[in-house]
Amino acid sequence: MPSAWSATYTLSTPVPGTGHSQNESVRRASATQTLSVPDVLDRPRDKTRGAEVSHSALQFLFAEMVIYAQGRVSGISEFEQLLGSMGRQVGLRALAMQTQRAQSASNPKRPQRETRLLKTLLWVHSTLWKAVFGVQADNLERSTESDRSDEYMITTNVPLFSRGISVPKEMTQLSVEAYAAGIVEGALDGLGFHV
């Protein structure tokens, strides 16, 4: 049964002939074909892995999120925190989707979760990053500073979100990639690693 959000599109095809002598209801019935498009909620979750969103649509949506955030904060640190909290919600949902897919693909009766930090970060670096951004992250590096030996950095050479955003001169210290950092933070928080 289709949900309340399903859509039905009607394609009209021309009726050959003169057309004026036919009954209008018969003419409509023969001239119209109905094509039903399944709702997103009705599709199986595992069949939508290859579905992609265009970069221009993503950039437009993210630009609107930045405008929304800019109107509600007073400083750069608050701005980055708000972008990070928006990304955190995406990270939690992406984690739920990826763990469900992994459990249904392997052994659904005995779900497993990695509890070691480095293996979890490697999973975020490869599997989760590819699911969210379409490509694997470029590097996973450990901090070389002695007082920050437990700090790791996931880097990418082509940042997705800052590519389409021009930052004003008075906000040069702003990093809109705080949204991507929030996605990683949400995933790690959902896995039990409180950052």
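What share of the 195 residues in the protein chain is buried? Buried residues make up 24% of them. Keep in mind throughout that the model is predicted.

**Whole chain**

Start with the protein chain in cartoon view. For contacts between residues at least 6 apart in sequence, 60% join residues at least 24 apart.

**Colour by confidence**

Now colour the chain by pLDDT. The mean is 78, and 72% of the residues reach 70 or more. Select residues 7–12, strand β1: confidence is lowest here, at a mean of 41. Helix α5 is at the other end of the scale, with the highest mean, 94. Where pLDDT is low, predicted coordinates should not be read in detail.

**The nonpolar core**

Select Phe62, Leu83 and Tyr179. These residues have the most contacts inside the largest nonpolar core, which has 30 residues. Helices α2, α3, α4 (117–133) and α5 each supply at least two residues of this core. The largest share, seven residues, comes from α5.

Centre on phenylalanine 62 and show its surroundings. Leaving out residues up to four places away in sequence, phenylalanine 62 touches Leu83, Phe161, Ile165, Val176 and Tyr179.

**Glutamine 59**

Move to glutamine 59, in helix α2 (residues 55–70). Is glutamine 59 buried or exposed? Its relative accessibility is 15%, so it counts as buried, the cut-off being under 20%. Show the side chain and pick one of its polar atoms: the backbone oxygen of leucine 160 lies 2.8 Å away. Beyond four places in sequence, the residues that glutamine 59 touches are Leu160, Phe161, Arg163, Gly164 and Ile165. Phe161 and Ile165 are also among the residues touched by phenylalanine 62.

**Salt bridges**

How many salt bridges does the structure hold? There are two. Side chains of opposite charge can pair when their charged atoms come close.

Select arginine 88 and aspartate 189 for one of them; the closest N and O atoms are 1.9 Å apart. This pair links distant parts of the chain, with arginine 88 in helix α3 (residues 76–105) and aspartate 189 in helix α5 (residues 178–190), 101 residues apart. Arginine 88 has a relative accessible area of 23% and is therefore partly exposed. Aspartate 189, at 19%, counts as buried, because the limit for buried is under 20%.

Finish at the salt bridge between the side chains of arginine 148 and glutamate 151, with an N to O distance of 3.5 Å. Arginine 148 is partly exposed at 40% relative accessibility, and glutamate 151 is partly exposed at 29%.

Notes: Residues are numbered from 1 along each chain as its sequence is written. This is a predicted model: local features need pLDDT of at least 70, side-chain atom pairs count only at pLDDT 80 or more; totals for chains, interfaces and linings use all residues. Side-chain values use heavy atoms; hydrogens and water are left out. Helices (H or I, at least four residues) and strands (E, at least two) are DSSP runs, numbered from the N terminus. Buried means under 20% relative accessible area, exposed over 50%, partly exposed in between (1.4 Å probe, protein chains only). A polar contact is a pair of N or O atoms within 3.5 Å; within protein, one must be able to donate a hydrogen and the other to accept it, and residues adjacent in sequence count only if both atoms are side-chain atoms. Contact means heavy atoms within 4.5 Å. A salt bridge is a side-chain nitrogen of Lys or Arg within 4 Å of a carboxyl oxygen of Asp or Glu. pLDDT is the predictor's confidence in each residue, from 0 to 100. A nonpolar core is a set of buried Ala, Val, Leu, Ile, Met, Phe, Trp, Tyr and Cys residues joined through side-chain atoms within 4.5 Å.
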